[in-house]
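Hi,

Here is the structure I promised to pass on to you.

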Amino acid sequence: MITDIDIVLNPKQASDESFYKPILAQRLKIKVGRINGMLILRKSVDARRRDVKINMKFRIAVDEKLPIASDRIFNYPKVAGQKKVIVVGAGPAGLFAALRLIELGYCPIVLERGKSVEDRKKDLGKLHRTRSVDPDSNYSFGEGGAGTFSDGKLYTRSKKRGNLKKILNVLHFHGAQDEILYEAHPHIGTDVLPKVIVNIRKSIIAAGGEVHFSCKLTDFIIENHKITGVKTDSKGVLNAEAVILATGHSARDVYRKLNDSNIDIEAKSFAMGVRIEHPQELIDQIQYHNPNGRGKYLPAASYSFVQQVKDRGVYSFCMCPGGVIVPAATGENQQVVNGMSSSGRNTAFANSGMAVEVRTEDLLEYKQFGALAGLHFQEDLEAQSFAEGGENLTAPAQRMLDFVEGRKSESLPKTSYHPGVLSSEMHKWLPKHIAFRLQEGFKAFGRKSKGFLTNKAVILGVESRTSSPVRIPRNRESFQHTKIEGLFPCGEGAGYAGGIVSAAMDGEQCAEAFDRYINVSSM
């Protein structure tokens with residue numbers, strides 16, 4: 001007999017099979033020994049009250065074995081010699097586009113400006129030792145994209161955009177932990193995700209696809225409004241049936257190349273702000289409604305806030321429980337921060353981006369830059385933050401309550417940000433339309449969660465890469481650029497995704513759109 005059971009457990013009962021298996025047997029009114037297999041289908045934490053509960057759903061095999069889930073196994077066909085598609089960018093959008101192309105019988109040629117995960121780790125180590133940023137190998141550029149060294153969050157609200165279950169199954173097949181298949185807010189962790197990315201690369205190559213590192217796009221080859229290939233700095237000219245452009249939101253040179261080549265791009269709303277860090281113990285106390293924190297069996301607590309302030313959204317973004325803050329600049333004269341955490345989420349700190357919506361009408365002084373107005377605004381604020389931090393990747397910082405009340409912090413709390421922090425009056429130099437809304441947003445968050453607005457927390461500047469300020473327009477049906485045949489703008493950098501999962505789903509959809517396109521073209 002195979003049966004599914006929903007059950008509510010306390011944190012200890014949910015922590016190990018030795019605790020919940022007897023409870024399940026009792027529910028089924030059978031002996032424990034008759035349970036031959038169990039599969040967790042869903043797990044979520046209900047922390048609305050101090051008496052925290054864990055909601056779980058199990059599939060249980062009684063007196064027989066559980067069948068193998070066929071949708072969790074992937075056998076990629078050999079595609080060497082088949083029609084080629086160039087995929088620019090080896091982030092989640094590009095990698096999942098490549099895998100889907102292989103499934104459909106096409107040969108992906110993946111071009112990544114950065115380095116492999118293995119070499120990228122060395123460059124990140126050098127960054128922390130020397131405070132020197134490699135513009136092509138950093139926390140944003142390189143195999144796996146910005147998500148490789150992050151929390152590896154796999155939660156998305158855009159489930160209608162694609163097959164979420166398949167994305168999770170692919171990641172699991174390539175080495176991600178079982179928990180991502182059933183947790184309500186799954187994450188992989190920066191200690192596990194690099195291995196998963198390497199395994200995806202190996203799948204692409206084993207199937208006959210190609211992956212080229214340190215290979216930067218320098219130009220597009222377009223004839224009669226149709227793209228036929230690209231020019232690169234290390235591989236010369238490459239031709240293909242189409243190009244999937246999945247460069248990520250920090251590839252500013254690509255936006256400029258598109259603009260200079262008179263290929264339509266457009267300005268879009270985006271978000272900017274700061275990264276905030278609290279003691280994880282404090283967040284645990286707040287979220288679990290318990291002065292003793294999370295105890296032995298609960299995970300490090302997270303939070304999610306959103307507030308409207310004068311017709312603009314203010315919200316938490318990329319919250320990393322038990323994480324660290326890292327320098328995420330991609331060039332000189334930039335001070336940018338981001339957050340990441342390991343699978344265990346086991347540091348003493350909780351950090352999150354705190355972003356304010358920025359619309360094109362907020363940037364009238366940048367109007368002369370046209371579609372690149374937001375990009376120039378980002379660059380100017382990153383340069384300002386760089387100067388305020390002392391021009392050496394030290395982050396300008398301010399205690400949270402001091403920022404809200406408009407006073408300088410005479411001291412700063414301990415932080416996870418390795419390059420260090422420098423007290424700065426961020427309320428004075430952040431753009432007013434951002435600073436004011438952050439202040440009001442923080443007040444609102446403090447009212448919602450008592451204890452959140454505190455000088456135990458510190459804000460660091462600046463969180464400027466939450467989303468792309470540029471959209472590369474594409475047809476809703478064909479997924480091709482509105483003016484260039486065979487060019488498929490894809491993922492977060494093109495303005496159509498936000499995070500690992502939505503980017504991966506968009507990558508798959510672009511691959512499927514290419515399949516439709518090539519089949520129609522060959523008729």
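This is a predicted model: local features need pLDDT of at least 70, side-chain atom pairs count only at pLDDT 80 or more; totals for chains, interfaces and linings use all residues.

Let me start with strand E18, which covers residues 395–399. Five of its five residues are buried, so the strand is largely enclosed by the rest of the structure. The cover is on both faces: Ala 395, Ala 397 and Arg 399 are buried on one side, and Pro 396 and Gln 398 are buried on the other.

With E19 (residues 421–423) the pairing is parallel, over three bridges, and here Ala 397 stands opposite Ser 423. With E20 (residues 458–463) the strands run antiparallel, again joined by three bridges. In that pairing, Ala 397 stands opposite Leu 460.

Now to the cysteines. How many disulfides does a search of the whole structure find? The search comes back with zero. Cys 215, for instance, is in no disulfide, as the nearest cysteine sulfur, in Cys 107, is 14 Å away. Cys 215 counts as buried, because its relative accessibility is 2%, and the cut-off for buried is under 20%.

The closest cysteine sulfur to its own is that of Cys 490, at 3.6 Å. A disulfide needs the two sulfur atoms within 2.5 Å, so this pair is too far apart for a bond. Cys 510 is buried too, with a relative accessible area of 0%.

Best wishes

Methods:
Residues are numbered from 1 along each chain as its sequence is written. Side-chain values use heavy atoms; hydrogens and water are left out. Buried means under 20% relative accessible area, exposed over 50%, partly exposed in between (1.4 Å probe, protein chains only). Helices (H or I, at least four residues) and strands (E, at least two) are DSSP runs, numbered from the N terminus. Two strands pair if DSSP finds at least two bridges between them.
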